[in-house]
Structures are given as C-alpha cells and as structure tokens.
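Have the model open beside you as you read.

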Amino acid sequence: MIKLLSPILIAILFSPIWPLGPNPLPGDPFVIVNKNNNELAFVNENRVQTVVSVGTGKTKELTPEGLYTITVKAKDPYYRRGNILGGDPKNPLGSRWIGFDAEGTDGRTYGIHGTNQPASIGKYVSQGCIRTQNEVISSLFPLIPLGTKILITTSKKSFEALAREQGAIK
C-alpha cells in the first residue's frame, strides 16, 4: 500500500499547482480582475506590468469573486456547449483558455479567454468567464504559468494596492 501511495504523494507535492508556502510570493506572476471597471491586471516582478479591458458576467453573481488558482491552459480551446472546434471563427472562446478553480471547479468551467465578439470587451456580457481580445490573451498566455493565483474582485482600490494586499508586490 505504501509503495502505491508514495508516487502519488510525490506527484502531488511537486505538482506545479501545489501551493507551497505563501502564494503568491512577491515578484511571482499574479492576475487581478476588477469587475468594478472590467479590467484585468497582470502583475509580475513586483509591479503591475499591464492593464487590459475585459468582459465579465451579465450579473454580479455570474463571475465569482475570490482568490483562485490557474489550473488549465489550452490553445485553440474546444467549445463544448456549441460543439465547436478550436480555431473555428464561430468559437466564442477565441484563441486561448486560461482556466481557474472557482466554485470548486477544475479550471474547465471558469476562465480567461479570447472572443470572437471583440465589441463585448469592457461590458457585462458573459455567463461567468472573463473575456478579452484574442491578441491580448495570446500575449498573456505564455506569461501565466499553471499555479498562478488570480484575484477576482469588485473594488475601487488600485491594482497596485490590491496586489500589495495579496503579497504579489513588496
């Protein structure tokens, strides 16, 4: 029994999404989504690197608030609801999917993704996901590793203040 459990425990402990110690550490990649102004900030190397417009849930409840972990990443994601292949211009998920574990899900329900409806960016339009332009998600995709923390909030505070509160900036 111990021989069977040992490899499983080792895999869990050394998994890239296992939260060892404080997470995020100052300087680590960190994502903040502020539903108050529908903006996303990418924080890295102790500063806010970029801020972009996003679309969030049609109602306040649809995009859950809290601190989550990026658990899934996919290029040209498949859209299950519409049975639409990745890369298809009709695919509402766009070119990239960065999923996180909100509401006890596995990263395949809630995510940051591109869109085939760029006019929806900056508005309250989604079923809960965070959508942004395909060019934006494609540029952020390689910078956000699995295990990155994402804070979703509704706040009047600056991104820098929110990142400091969460320990992402010294």
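Predicted model: local features only at pLDDT ≥ 70, side-chain atom pairs only at ≥ 80, totals over all residues.

## Overall layout

Helices (H or I, at least four residues) and strands (E, at least two) are taken here as DSSP runs, numbered from the N terminus. With that in hand, the pattern along the sequence reads α-β-β-β-β-β-β-β-β-β-α-β-α.

How much of the chain is buried? Of the 170 residues in the protein chain, 42% are buried.

## The sheet

Eight strands come together in an open sheet with mixed pairing, and their order is β3-β2-β1-β10-β5-β6-β7-β9. Which strands sit at the edges? They are β3 (47-53) and β9 (130-131), each of which pairs on one side only.

Let us begin with β1 (residues 30-34), which runs antiparallel to β2 and is joined to it by five bridges. Here asparagine 34 stands opposite glutamate 39 of β2. The hairpin of β1 and β2 has four residues between the strands, and asparagine 38 takes a positive phi near 50° in it.

Moving on, β2 also runs antiparallel to β3, this time with six bridges joining the two. Alanine 41 has valine 51 in β3 as its bridge partner. These strands form a hairpin as well, with two residues between them, and glutamate 45 in the turn shows a positive phi of about 55°. Strand β2 (residues 39-44) is itself mostly covered, since five of its six residues are buried.

Leucine 67 finds its bridge partner in leucine 151 of β10. Strand β5 is also joined to β6 by five bridges, again antiparallel, and alanine 74 stands opposite tryptophan 97 in β6.

The next step is from β6 to β7, which pair in the antiparallel sense over four bridges. Isoleucine 98 has isoleucine 112 in β7 as its bridge partner.

## A cluster of rings

The structure holds two aromatic pairs. In one of them, the ring centres of tyrosine 68 and phenylalanine 100 are 5.8 Å apart and the planes lie at 25°, so the pair is stacked. This pair links distant parts of the chain, with tyrosine 68 in β5 and phenylalanine 100 in β6 (residues 96-100), 32 residues apart. Tyrosine 68 and phenylalanine 100 are both buried. Phenylalanine 100 also forms a stacked pair with tyrosine 110, at 6.5 Å centre to centre and 25° between the planes. Phenylalanine 100 is in β6 and tyrosine 110 in β7, so this pair ties together parts that are 10 residues apart in sequence. Together, the ring pairs link Tyr68, Phe100 and Tyr110 into a cluster.

Why does phenylalanine 100 count as buried? Its relative accessibility is 0%, and buried means under 20%. Tyrosine 110 is buried too.

## Charges over a ring

Phenylalanine 141 is worth a look as well. The charged end of lysine 73 sits over the ring of phenylalanine 141, 4.4 Å from its centre. The charged end of arginine 96 sits over the ring of phenylalanine 141 too, at 5.5 Å from its centre.

## The largest pocket

Now for the largest pocket, whose volume is about 630 Å³. How many residues line the largest pocket? The lining has 24 residues, and Tyr79, Leu93, Trp97, Thr109 and Cys129 lie nearest the centre. The elements giving two or more residues to this lining are β5 (66-75), β7 (110-113) and β8 (124-126).

By residue type, the lining of the largest pocket divides into 11 nonpolar, eight polar and five charged residues. Tryptophan 97, listed among those nearest the pocket centre, is also the β6 residue that stands opposite alanine 74.

Methods:
Residues numbered from 1 in each chain as written. Heavy atoms only, no water. 1 Å grid on protein atoms, 1.4 Å probe; cavity = no way out; pocket = protein on both sides within 12 Å on 5 of 7 lines; lining within 4 Å. Points joined across faces, edges and corners; volume = space filled by probe spheres on them. Nonpolar A, V, L, I, M, F, W, Y, C, P; charged D, E, K, R; others polar. Phe/Tyr/Trp six-rings, centres within 6.5 Å; stacked < 30°, edge-to-face > 60°. Buried < 20%, exposed > 50% of the residue type's maximum accessible area, 1.4 Å probe, protein only. Lys NZ or Arg CZ within 6 Å of the ring centre and 35° of its normal. Pairing = 2+ DSSP bridges.
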